Amino acid sequence: MAQIKHDVQADILDDVVTALGSLDDLEHVPTLKLYIKLACKSVALYTGEDYNNLPDALTGIITEMALAKFAKRGNEGKTEASEEGLTDQWSEDDLAPYMSQLNAYRDNKAQSGRKGWVMSLD
C-alpha cells in the first residue's frame with residue numbers, strides 16, 4: 001500500500017473495522033484494504049488531490065465508500081439484490097452517494113484560492 005500522510009489508509013482501516021464491529025478473523029482485511037485504496041483513488045481523481053497526500057477532510061467519505069463496497073461484496077456489477085424480502089439497491093457510480101460532500105469540498109478548495117476577491121451580482 002502506498003504511504004500516505006500519517007498513513008491515512010491505516011487510520012481509515014481502523015475506522016472501517018470499528019464500524020463493522022470486531023473482525024474475528026483477519027481474512028477480510030486484504031479486501032478492506034483494496035476497497036480503501038480504490039476509494040482513495042476515486043476521491044483523489046474527482047477532487048484533484050494527490051493520492052499520496054489526501055487531506056483528513058476526505059477520510060469520512062472514503063470510510064463510508066469502503067463500508068458500502070464491503071456491504072456490496074458478492075454483488076459487484078449489480079444495482080440491486082434481494083434476499084428473504086429485503087432488497088438492497090446501489091448506484092452504478094460509487095461516488096454518486098457522496099457527490100454533495102465532494103462538491104462542497106471542491107467548492108471550498110476553490111474558494112480558498114480566491115481570498116481577497118469580491119464579486120457583485122448587482
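Which residue forms a salt bridge with Glu-49? Lys-109 does, and the closest N and O atoms are 3.4 Å apart. This is a predicted model, in which local features need pLDDT of at least 70 and side-chain atom pairs count only at pLDDT 80 or more, while totals for chains, interfaces and linings use all residues. Residues are numbered from 1 along each chain as its sequence is written, and side-chain values use heavy atoms, with hydrogens and water left out.

**View 1. Glu-49 and Lys-109 form a salt bridge (a side-chain nitrogen of Lys or Arg within 4 Å of a carboxyl oxygen of Asp or Glu).** Lys-109 lies in helix α4 (residues 99-112) and Glu-49 in the loop between α2 and α3, so the pair ties together parts 60 residues apart in sequence. Helices are DSSP runs (H or I, at least four residues) and strands likewise (E, at least two), numbered from the N terminus. Glu-49 is buried, at 19% relative accessible area, whereas Lys-109 is partly exposed at 35%. Buried means under 20%, exposed over 50%, and partly exposed in between (1.4 Å probe, protein chains only).

**View 2. Lys-69 forms a salt bridge with Asp-94.** The closest N and O atoms are 2.9 Å apart. Lys-69 belongs to helix α3 and Asp-94 to the loop between β2 (86-89) and α4, 25 residues apart. Both residues are partly exposed, Lys-69 at 23% relative accessibility and Asp-94 at 35%. The whole structure holds two salt bridges.

**View 3. Asp-56 sits in the loop between α2 (29-47) and α3 (59-72).** Asp-56 is partly exposed, with a relative accessible area of 43%.
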